[in-house]
Every structure is written in C-alpha cells, then in structure tokens.
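Have a look at the structure first, and then read on.

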Amino acid sequence: QALQHLLSDAASYLRLKEPLGGEDAETLMDSTTATAELGWTVHPPSGWEEVSGYDENMNTIRTYQVCNVFESNQNNWLRTKYIRRRGAHRIHVEMKFSVRDCSSIPNVPGSCKETFNLYYFESDFDSATKTFPNWMENPWAKVDTIAADESFSQVDLGGRVMKINTEVRSFGPVSKNGFYLAFQDYGGCMSLIAVRVFYRKCPRVIQNGAVFQETLSGAESTSLVAARGSCITNAEEVDVPIKLYCNGDGEWLVPIGRCMCKAGYESVENGTVCRGEHLFVSASSVWFVGLEECPCHRTPDPAEEEKEKDEEGHVLKDPASQCCPEPQRKGPGGPT
C-alpha cells in the first residue's frame with residue numbers, strides 16, 4: 001500500500017507534454033480528456049487501480065497504477081473501452097507512464113519487473129465482457145513489451161522529481177470496425193499516466209498545380225498510398241498521371257506529373273492559383289494587362305488630375321507610372 005501511495009503522489013504532480021502526432025494525426029482516444037472515471041476493465045480486481053491525478057494546469061486526469069511486487073506470479077490485465085478505427089489502416093498508441101526502480105524497493109523479490117506488455121484485439125462491435133476476450137496472449141495480439149527509459153526511486157519522489165516515460169507503438173493492418181487495447185503487468189510497480197490512440201494522415205495539399213485531398217496513411221509503416229490529383233482552376237495537365245504518395249508518417253512524397261496554367265493565366269501564390277489577365281477594350285485595340293491596372297494606362301479622374309498639378313499648372317505624373325511597362329497590344333492583325 002505504501003508503494004501505491006508513492007505512485008499516486010507521483011501522478012498527482014506529473015507534467016504532460018504536448019501529444020505526438022500534430023496536424024497529420026487524428027485522435028481516436030485520449031485518456032487525459034476524460035471528465036469522469038475511465039471505467040476500463042481490470043482483471044483480476046486486485047491488480048490495476050484507477051486513481052486521480054493532476055496535470056500542469058491542475059486539471060484532474062484519470063490514471064491507472066499497479067504495484068504488487070511482493071506477490072509472485074502476477075498477471076494483471078487492464079483493457080480499454082471499445083475504440084472505433086474510423087477508416088484507419090494503422091493504429092498508433094502513445095503511452096506516458098512511470099515505473100518504480102526495482103532496486104530501490106527494500107527486500108523486493110527477484111520477480112519484480114520494470115516492463116509491461118501492450119496488446120490489441122479487433123472486433124466489429126463492442127463485444128467484450130468480463131471474461132471475453134480471454135485474458136491471455138491468444139486471442140489478444142501482442143504489439144510489444146514496453147520498457148522504461150528511466151525509472152524512479154523513493155528519493156526522486158521526495159524531491160518531486162518525476163521521470164515520465166513516453167513511448168509510441170503502432171500496429172496494423174486493422175480491418176474490423178474497432179478494437180480494444182490491453183496492458184499486462186506481470187510484477188511491476190508502475191503508473192499508466194496517459195494513453196492516446198491516433199492514426200496518421202496526409203493533409204490536403206496543392207502541389208505541382210494540382211489539388212490532392214486528405215489521404216490516410218497505409219497499413220504498414222513503410223506503406224506508400226497513391227493519391228490522384230486534380231488540376232487547380234484554370235490549369236491543365238501537361239504530364240500524367242498526376243500523383244503523390246502518402247507515407248506512414250503522414251508525409252507527401254514522390255510527386256509525379258504536373259498541371260500548368262492555361263494560356264492567358266499566370267501562376268501566383270506559390271503555384272496554388274492560376275490568375276487571369278484583365279481585358280481592356282478601346283476603339284483601336286485590345287489591351288491585356290495584369291490584375292492591377294498600371295496608373296499610366298488608366299483614364300485620369302479630372303478631380304484627381306486637378307489635385308496633381310503643380311504651382312505653374314503642370315500636371316504631375318504618378319511616380320508609379322514611370323516603371324509601368326507598355327502592355328502587349330493585340331489589334332486586328334495580331335500583336336504589335
């Protein structure tokens with residue numbers, strides 16, 4: 001019990017960093033956002049225990065802890081609620097946890113561990129009960145054994161120095177509607193502080209004159225998922241097919257093909273827009289200029305012109321007109 005109180009005390013003063021994933025990730029479950037008890041399933045009841053803690057903003061978060069190091073043959077399971085995969089092919093799990101250094105526990109038996117196991121179980125619906133799936137590796141699929149980079153001792157706790165470990169693992173392909181996660185303790189003294197489940201995606205992007213819609217990453221970490229692009233407005237294909245590939249980290253790679261602006265349009269805003277030219281018609285010719293009409297080619301406003309005269313009555317030219325190029329002129333016989 002004393003060791004469990006130490007874990008609770010540690011969790012109460014933890015500081016959580018920003019979650020991994022960023023803009024290229026979509027969260028499926030985040031234990032730190034729970035406003036009430038998580039209510040995950042434990043087996044046996046004497047194993048994992050849900051307790052309250054606080055983040056750096058003194059917001060209450062729910063954590064799980066276990067510390068039965070003085071009892072042999074430990075096999076404590078903790079199962080999340082059903083998590084819908086929402087079309088994802090590969091799932092990522094970020095875990096924040098603290099582990100007690102076995103060597104810092106007086107008279108601890110040799111069965112003390114500083115690791116735990118991560119499993120998952122797929123299902124098309126929320127089918128789990130207190131006894132199903134069975135609490136063993138088969139039918140559960142093992143993802144990995146999770147080890148702490150740093151463990152803590154009682155001395156660390158006395159100085160409020162916490163050593164929070166962050167590990168990320170992924171698994172796939174997943175094909176059913178959802179899944180459960182399970183954490184197996186077999187003799188450690190630890191606190192599972194936060195669990196975030198997410199998948200990666202490549203965001204919508206405009207590249208090489210084409211639009212590529214948001215694309216989910218593939219089932220394997222090395223997968224490249226092809227996405228077809230469509231030309232932006234007023235652009236046309238010049239090299240086909242137009243493709244980009246989304247990798248397992250949510251990054252676009254290997255551009256193939258491109259679109260270019262049609263005649264009469266220019267590429268602006270880093271190639272994301274094809275901007276057209278304005279057409280000005282006079283009695284003798286057709287003028288093509290950019291979107292911003294040059295001051296020297298505009299029809300003067302008499303009121304403005306009056307204001308722009310000097311003391312001797314001479315009209316002052318707009319300084320900007322001095323650098324205004326002569327526009328291309330098309331007449332009946334073509335450009336002149």
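In this predicted model, the secondary structure of the protein chain comes to three helices and 25 strands. Of its 336 residues, 40% are buried. Among contacts between residues at least 6 apart in sequence, 70% join residues at least 24 apart. The chain exposes about 18500 Å², with carbon and sulfur atoms supplying 48% of that area.

Now to one of the sheets. Three strands form an open sheet in the order E16-E18-E19, with antiparallel pairing. Strand E16 (225–228) and strand E19 (252–261) stand at the edges with a single partner strand each, so one side of each is left without a neighbour in the sheet. Neighbouring strands here are turned by 20° against each other on average, direction ignored. Four bridges join E16 to E18 (residues 235–246), and Ala 226 has Tyr 245 in E18 as its bridge partner.

| Salt bridge | Closest N and O atoms |
|---|---|
| Arg 169 with Asp 144 | 2.7 Å |
| Arg 258 with Asp 239 | 2.9 Å |
| Glu 266 with Arg 275 | 2.7 Å |

Arg 258 in strand E19 and Asp 239 in strand E18 are 19 residues apart and link distant parts of the chain. Arg 258 is partly exposed at 38% relative accessibility, and Asp 239 is partly exposed at 33%. Arg 169 lies in strand E10 (residues 165–171) and Asp 144 in strand E9 (residues 141–147), 25 residues apart. Elsewhere, salt bridges that share partners join Glu 26, Arg 86, Lys 201 and Glu 214 into one network.

Methods:
Residues numbered from 1 in each chain as written. Predicted model: local features only at pLDDT ≥ 70, side-chain atom pairs only at ≥ 80, totals over all residues. Heavy atoms only, no water. Pairing = 2+ DSSP bridges. Helix = DSSP H or I, 4+ residues; strand = E, 2+ residues; numbered from the N terminus. Axes fitted to C-alpha atoms, helices over the stretch in contact; angles between N-to-C directions. Buried < 20%, exposed > 50% of the residue type's maximum accessible area, 1.4 Å probe, protein only. Contact = heavy atoms within 4.5 Å. Areas by Shrake-Rupley, 256 points an atom, 1.4 Å probe, with all protein chains shown as cover. Salt bridge = Lys/Arg side-chain N within 4 Å of Asp/Glu carboxyl O.
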